[in-house]
Amino acid sequence: MRSIAIVLLLLPALLFGAAACGAEEAEPATVAAPTQAPVTEPAAMPDPTTSDAAPATLVSTEPETTVEPTAVPPTTNPGPAPTDAPTPQPTTAPATEEPTEVPKPEPVEGGPGPDSFIVGEGSLITFTVEEELNRAPVRFDAVISGSGLSGFANLDGSPSVITLDLHSLESDQSFRDRYIRDRMFPNTPMATVTVDSLPDLPQSFLDGEETEGTLDGTLQVGDTVTPLTFDVIARHDGSVINVLGKTTFTWEELGLGKPVFGPVAYLADEVRVQVLVVARVQ
């Protein structure tokens, strides 16, 4: 047993020696990598004083060509280039002038004068036409009225003008009111009554007594002008004039076809008008 152990211990040495002898006769095809990488000594830089070859340099030994900077003259502010245009002068605000007194405009012909009576509160107009509804075969007076009156009355012989807002008219039936606003006068909401001149007024009128007479005027709705004659009763109360006027017209005279709408079975041709004008000194 002991001899076998000695043989086992000598076996690696024998194998290593045989491999070394074989290496001297021929180079092996491959060299086994050593178990520990050998320490490589850094290559010595050649000495430029003893070597015939040009030394390897990391930095070029030729002198650098220094580019001298071009001298730049000191910057001066020459100012804007001259032009032919004149230099703008600062704008000065014109001296404030005292406002001149604007003269009051003279009364326009046909407009309210200094002694005009202005139509306003308390004025009322009514239109009455005979009507019959489908559900009630009985004819009756349909009344529609409005207080949207304005204008002026002149006692000096110049025209007097009263305007009426047709869209302000109301009755006891909403369908009738809508028909007037939306179908009869959708684009012409204003009607104008013009009296060119009042007749000579008696002294009794100026003393506060009622005066009866007639007034000729015109009614304009849109482009249609209809002559009208009013029977009037007027009273002068100092600072207030009250005038009650009555007249009639037909749909044809007004330039309108007779209104036709669902619930109405009959509508008379003649329309009766009554207007109460209340005018006060302006």
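Reader: What should I know about numbering and cut-offs before I start?
Author: Residues are numbered from 1 along each chain as its sequence is written, and side-chain values use heavy atoms, with hydrogens and water left out. The model is predicted, so local features need pLDDT of at least 70 and side-chain atom pairs count only at pLDDT 80 or more, while totals for chains, interfaces and linings use all residues.

Reader: How many residues are in the largest nonpolar core?
Author: That core has 41 residues. A nonpolar core is a set of buried Ala, Val, Leu, Ile, Met, Phe, Trp, Tyr and Cys residues joined through side-chain atoms within 4.5 Å. Buried means under 20% relative accessible area, exposed over 50%, and partly exposed in between, with a 1.4 Å probe and protein chains only.

Reader: Which residues have the most contacts inside it?
Author: They are Ile 125, Phe 127, Leu 164, Leu 166, Leu 169, Val 221 and Phe 249. The largest share of this core, five residues, comes from strand S11 (residues 270-281). Strands (E, at least two residues) and helices (H or I, at least four) are DSSP runs numbered from the N terminus.

Reader: What does Ile 125 touch, leaving aside neighbours within four places in sequence?
Author: Its contacts (heavy atoms within 4.5 Å) include Ile 144, Leu 149, Leu 164, Leu 169, Val 273 and Val 275.

Reader: Switching to rings. How many aromatic pairs are there?
Author: The search of the whole structure finds one. The centres of the Phe 127 and Phe 249 rings are 6.4 Å apart and the planes are at 70 degrees, so the pair is edge-to-face. Rings of Phe, Tyr and Trp (its six-membered ring) pair if their centres lie within 6.5 Å; planes under 30 degrees apart count as stacked, over 60 as edge-to-face and the rest as tilted.

Reader: Is Phe 249 buried or exposed?
Author: Phe 249 is buried, at 5% relative accessible area. Phe 127 also counts as buried, at 15%.

Reader: And salt bridges, how many?
Author: Seven, taking a side-chain nitrogen of Lys or Arg within 4 Å of a carboxyl oxygen of Asp or Glu. One of them joins Arg 139 and Glu 132 at 3.2 Å, N to O. Glu 132 is buried at 16%, whereas Arg 139 is partly exposed at 45%.

Reader: What about Arg 235 and Asp 237?
Author: Their side chains meet in a salt bridge at 3.1 Å, N to O. Arg 235 also meets Glu 210, at 3.8 Å.
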